[in-house]
Amino acid sequence: MFLLFLLCRSKWLKENLRVYAICACSEDRGMYTGEWQRVEVLKCDEFAEVLFLDSGGCETVLPSSLYKIHQQHCKYPPICMQLCIQGLCDADIKRAAIGEWSDKCKENWRKLLREDVLIGLSILKCLNSTCRSSPQIKELLPYQRPNVIFVQRVRIHGEEKLVTKSFSDPALGVGRARCDETRPIEWLYD
């Protein structure tokens, strides 16, 4: 427990260095990927904000669920990649203006992008790749973080219609996206 207290108040986080740990996961998260997972600590005070390196996503956890990571677990790169869909935003203009997605949009996206099949996508670029060693700062929007891969035209293997087209289809109703080539950022092709 003392080690965790030191981790959360360590000079590493204060100096914006990247901090990694092993996290004891919730039963829901650990159901498919295991109870112990590699994480990067984004922020830590009363609670810790972590990025799951191998299963994806961020979560707020108790600092007591974080443990010192053994060096052998740092040799392998993350299994999950952080992706950002270029050209889509929430259909709700107020949410789109601040770069947020409604809970209904997130729910619809998860339904459309199945986990049980292969997907294909067009990679535009790994933005912010010049800062690979920079810390993952919690206050940054996800697309501003280091090593985010910007993609377009997401398609489930064997299906004709693009997932991104289905997500912006007006028939989807509440919780749909809208096309906007300037979201999340104006893309300048180079």
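1. Glutamate 100 and arginine 95 pair through their side chains in a salt bridge, at 3.5 Å from N to O. The term covers a side-chain nitrogen of Lys or Arg within 4 Å of a carboxyl oxygen of Asp or Glu. Glutamate 100 is partly exposed, at 39% relative accessible area. Arginine 95 is partly exposed too, at 30%. Here buried means under 20% relative accessible area, exposed means over 50%, and partly exposed lies in between (1.4 Å probe, protein chains only).

2. A note on the basis. This is a predicted model, in which local features need pLDDT of at least 70 and side-chain atom pairs count only at pLDDT 80 or more, while totals for chains, interfaces and linings use all residues. Residues are numbered from 1 along each chain as its sequence is written, and side-chain values use heavy atoms, with hydrogens and water left out.

3. Arginine 38 and aspartate 54 form another salt bridge, their closest N and O atoms 2.7 Å apart. This pair links distant parts of the chain, 16 residues apart. Arginine 38 sits in strand 2 (residues 36–44). Aspartate 54 lies in the loop between strand 3 (48–52) and strand 4 (58–61). Arginine 38 is buried, with a relative accessible area of 12%. Aspartate 54 is partly exposed, at 23%.

4. Lysine 161 and aspartate 169 also meet through their side chains in a salt bridge, at 3.1 Å from N to O. Lysine 161 counts as partly exposed, with 43% relative accessibility. Aspartate 169 is partly exposed as well, at 26%.

5. Lys104, Glu107 and Lys111 belong to a network of salt bridges. The search of the whole structure finds seven salt bridges. Side chains of opposite charge can pair when their charged atoms come close.

6. On the fold: the protein chain has six helices and ten strands. Both are DSSP runs, numbered from the N terminus: helices are H or I with at least four residues, strands are E with at least two. Take contacts between residues at least 6 apart in sequence: 59% of them join residues at least 24 apart. A contact means heavy atoms within 4.5 Å.

7. On burial and surface: the protein chain has 190 residues, and 34% of them count as buried. The chain exposes about 12300 Å², with carbon and sulfur atoms supplying 56% of that area. Accessible areas come from the Shrake-Rupley method with a 1.4 Å probe; for residues, only the protein chains shown count as cover.
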